[in-house]
Amino acid sequence: NGWLETAETRQQSFAFDDGLGSAQAVSEQPASAAIRLDEAHEVALGSGVVMAILDTGIDAHHPMLRNAYAGGWDFVDGDADPTDARDFVDNDGDGLVDEGFGHGTHVAGIMHLVAPEARLLVVRVLDSDGRGDILDIAAGVRWAVDHGAKILNLSLGSLKGSDALQNALADAENRGVVVISSAGNWGAESPVEFPARSSHVAAIAAVDAAAYPATFSSFGSIVALSAPGVGVRSAYPGGGYRLWSGTSMSAPFVAGTAALLVEVHPTWTLSQVMQRIESTTGPVMGSADDFGAGALNAGAALAPDRRSHVDDVPVPEVLRRH
């Protein structure tokens, strides 16, 4: 057994309140335009899809998230209340208290921004310092799959592998579940984190809204593609909104895009979803192959479904008569 934690708490990247946070500022932020989110939403909104967030929990009463919340489980406290909450204790002995607080809420907000009609299943596997027990996380993966999640977001990692978690991820993929993981914030090709290096997940690196590589982002052969992860604005506990940077913010942009595709193609597997997303990326500026297939373009990923989506909409009787 061992510990996994968020890349942001490990490298001490913290949420920042610039005083400009609002729901409108979240929806209109540069990252949304960068991935052409409006175009993707013309095709799908994630309706009927359950996305699971394995993280520090969420603020289920946040105005951005409360209507999407579909319940969950807290593997840290062992109850059915996966609230993103402080415990005012330095659990990991790093001199910082509750540095992971708000991480899961922020990640969930990004997933909801991209797939606003998807349901959010919350699995609290990390404490307020951003750390979690590997066996709890493996159990959390199985719990989420058993409770109907089609998309899993794992914005966490460890330098140590785990057979228990690897087996849970393999079973998830075999059941058609799409698992997205953050690549890590090492700013280098190594060390390589797990589960980012697992063959059963898609690991996501970070770029800024102009598709330039984030200086903090891990990169290399494990990376499937890149997504916005610099100064991303999202929900924060207490009804607020904050900016946060990290590959933990990049992964949920891809997880949300996967949910949009799964709405249109409910039987698609991880490989099918990722083949579409990776084949429609844009270039990462000034980069070779270190940042995967390219920068996420949700609009382009959904574009092939635009015609079939329109064709499926019933024509009103009054229009058919004319």
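Let's start at Ser-162, which is found in the loop between strand 6 (151–154) and helix 7; helices (H or I, at least four residues) and strands (E, at least two) are DSSP runs, numbered from the N terminus. This is a predicted model, in which local features need pLDDT of at least 70, side-chain atom pairs count only at pLDDT 80 or more, and totals for chains, interfaces and linings use all residues. Residues are numbered from 1 along each chain as its sequence is written, and side-chain values use heavy atoms, with hydrogens and water left out.

Ser-162 counts as buried because its relative accessibility is 11%. Here buried means under 20% relative accessible area, exposed means over 50%, and partly exposed lies in between (1.4 Å probe, protein chains only). The Ser-162 side chain reaches two backbone nitrogens: that of Ala-164 at 3.3 Å and that of Leu-165 at 3.1 Å. Leaving aside neighbours within four places in sequence, Ser-162 is in contact with Ile-134 and Phe-194, where contact means heavy atoms within 4.5 Å.

A nonpolar core is a set of buried Ala, Val, Leu, Ile, Met, Phe, Trp, Tyr and Cys residues joined through side-chain atoms within 4.5 Å. In soluble globular proteins, nonpolar side chains tend to be buried together. The largest core here has 59 residues, and Ile-151, Ile-180, Phe-253, Val-254, Val-273, Met-274 and Ile-277 touch the most other members. Helix 8 (residues 247–264) gives the most to this core, with ten residues. Beyond its neighbours within four places in sequence, Val-254 is in contact with Ile-180, Ile-204, Leu-225, Ala-227, Met-274, Ile-277 and Leu-296. A second, separate core of 28 residues includes Phe-194, together with Ala-52, Val-145 and Leu-152.

Now have a look at helix 9. Its buried residues are Leu-270, Val-273, Met-274, Arg-276 and Ile-277. They cover an arc of only 160 degrees around the axis, so they sit on the same side of helix 9; the arc is that of the directions from the helix axis to the C-beta atoms. These buried residues pack against helix 7, strand 7, strand 8 (202–207), strand 9 (223–228), helix 8 and helix 10.

Charged pairs come next. The structure holds ten salt bridges, each being a side-chain nitrogen of Lys or Arg within 4 Å of a carboxyl oxygen of Asp or Glu. Three of them are listed here.

| Glu-39 | Arg-36 | 2.7 Å |

Glu-39 is partly exposed at 28% relative accessibility, and Arg-36 is partly exposed at 33%. Salt bridges also link Glu-5, Arg-10 and Glu-193 in a network.

Finally, how confident is the predictor? The mean pLDDT (the predictor's confidence in each residue, from 0 to 100) of the protein chain is 94, and 95% of its residues reach 70 or more. Over residues 315–322, however, pLDDT stays under 50, and the model has one contact beyond four places in sequence for them.

Terms used: Polar contact = N/O pair within 3.5 Å; in protein donor to acceptor, adjacent residues only side chain to side chain.
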